[in-house]
Amino acid sequence: MPREIAYNWLDRASGLSALSGEEAMFVRRLQANEDAAYDELVRTYSASIFHVAYRMLGESAEASDVVQEIFLKVFRNISGFKGEAALKTWIFKIAFSEILNRLRWWKRRHRFTTVSLDDQPNGNGTGPGHSLASSSPTPEQVLQSKEQETAIQQALGRLSREHRSIIVLRDIEGFSYNEIADVLGVSIGTVKSRLARARGDLKKSLMRYLSVQKV
């Protein structure tokens, strides 16, 4: 059967008319098990999902592991995607379900994570959105950047799962209020109120770090 016929059949079957034409076509390619579409999906979302997982879990190795589980679940369930929400929203709903399940697993086993100066969220030694100004930083700048990254991650770790989720999605990944509400399954009002409280708590934690730095 020609690929185009398969796409047309999937369009009728899955009701993707609510999506943009380009996104609907991409979903049809995924649902037709096109390898190139799967590769494109991973390239598009892997970095963002990893950053979210790292910020929520606090460990690079655990973040990498859960990212693999997230994409497996996406691939297994893409055939049932009906287009009620944007593909990005659907993917991050799956991502947060897996990440929060991992956090609950840790809590049941009384596991607490610590952040090492060497445990960074990506290969260049800096966190998402926190790049060094110079392409050739001095050793002092490298150490300071790592210390700041560690302080940010430890401050996030002190937040509740609900507040951490909001901060990560809004202030680190730049999701809109509507997207956050859809991903977390809460109202926009809840998103805004949680964000205000989370920012306040995070500021207090980071102010303590800044006070120590000034001494």
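Helix α7, which covers residues 161-172, contains twelve residues and spans 15 Å from its first C-alpha to its last, close to the 16 Å expected at 1.5 Å a residue. The expected span is 1.5 Å times one less than the number of residues in the helix. Helices (H or I, at least four residues) and strands (E, at least two) are DSSP runs, numbered from the N terminus. The model is predicted: local features need pLDDT of at least 70, side-chain atom pairs count only at pLDDT 80 or more, and totals for chains, interfaces and linings use all residues. Residues are numbered from 1 along each chain as its sequence is written, and side-chain values use heavy atoms, with hydrogens and water left out.

Within α7, the buried residues are His163, Arg164, Ser165, Ile166, Ile167, Val168 and Leu169. Here, buried means under 20% relative accessible area, exposed means over 50%, and partly exposed lies in between, with a 1.4 Å probe and protein chains only. After α7 comes Gly174, whose phi is positive, near 75 degrees.

The protein as a whole has nine helices and zero strands, and its elements run α-α-α-α-α-α-α-α-α from the N terminus on. Of the 215 residues in the protein, 41% are buried. Contact means heavy atoms within 4.5 Å. Among contacts between residues at least 6 apart in sequence, 67% join residues at least 24 apart.

Attention may now turn to the packing of helices. Helix α3 (residues 35-57) and helix α4 (residues 60-77) pack at an angle of about 135 degrees, and their axes are 9 Å apart. This angle makes α3 oblique to α4. Axes are lines fitted to C-alpha atoms, for helices over the stretch in contact, and angles run from 0 to 180 degrees between N-to-C directions. Angles under 35 degrees count as roughly parallel, over 145 as roughly antiparallel, 65 to 115 as roughly perpendicular and the rest as oblique. The crossing of α3 and α4 is right-handed. A crossing is right-handed if the near helix is turned clockwise from the far one by less than a right angle, and left-handed if anticlockwise.

On the α3 side, the contact with α4 is made by Tyr38, Leu41, Val42, Tyr45, Ser46, Ile49, Phe50, Ala53, Tyr54 and Leu57. On the α4 side, Ser60, Glu62, Ala63, Ser64, Val66, Val67, Ile70, Phe71, Val74 and Phe75 take part. By class, the residues of this contact comprise 16 nonpolar, three polar and one charged. Ala, Val, Leu, Ile, Met, Phe, Trp, Tyr, Cys and Pro count as nonpolar, Asp, Glu, Lys and Arg as charged, and the others, Gly among them, as polar. An α-helix has 3.6 residues a turn, so residues three or four places apart point the same way.

Phe71 lies in helix α4 and is buried, with a relative accessible area of 7%. Leaving aside neighbours within four places in sequence, Phe71 is in contact with Leu41, Val42, Tyr45, Ser46 and Ile49. Ile91 stands 20 residues from Phe71 along the chain, and their C-alpha atoms are separated by 8.6 Å.

Helix α3 also packs against α7, at an angle of about 145 degrees and with the axes 10 Å apart. The crossing of these two helices is right-handed. Val52, Arg55 and Met56 of α3 meet Arg161, Arg164, Ser165, Val168 and Ile172 of α7. This contact has four nonpolar, one polar and three charged residues.

Asn33 is located in the loop between α2 and α3. Although Asn33 is not a glycine, its phi is positive, at about 60 degrees. With a relative accessible area of 52%, Asn33 is exposed.

The loop between α4 and α5 holds Gly83, which counts as buried at 3% relative accessibility. Gly83 and Leu16 are 67 residues apart in sequence, and their C-alpha atoms are 5.0 Å apart in space. Ala86 lies in the loop between α4 and α5 (87-108) and counts as partly exposed at 33% relative accessibility. Not counting residues up to four places away in sequence, Ala86 touches Leu19, Glu23 and Phe81. Ala86 and Asp182 are 96 residues apart in sequence and 9.6 Å apart in space, C-alpha to C-alpha.
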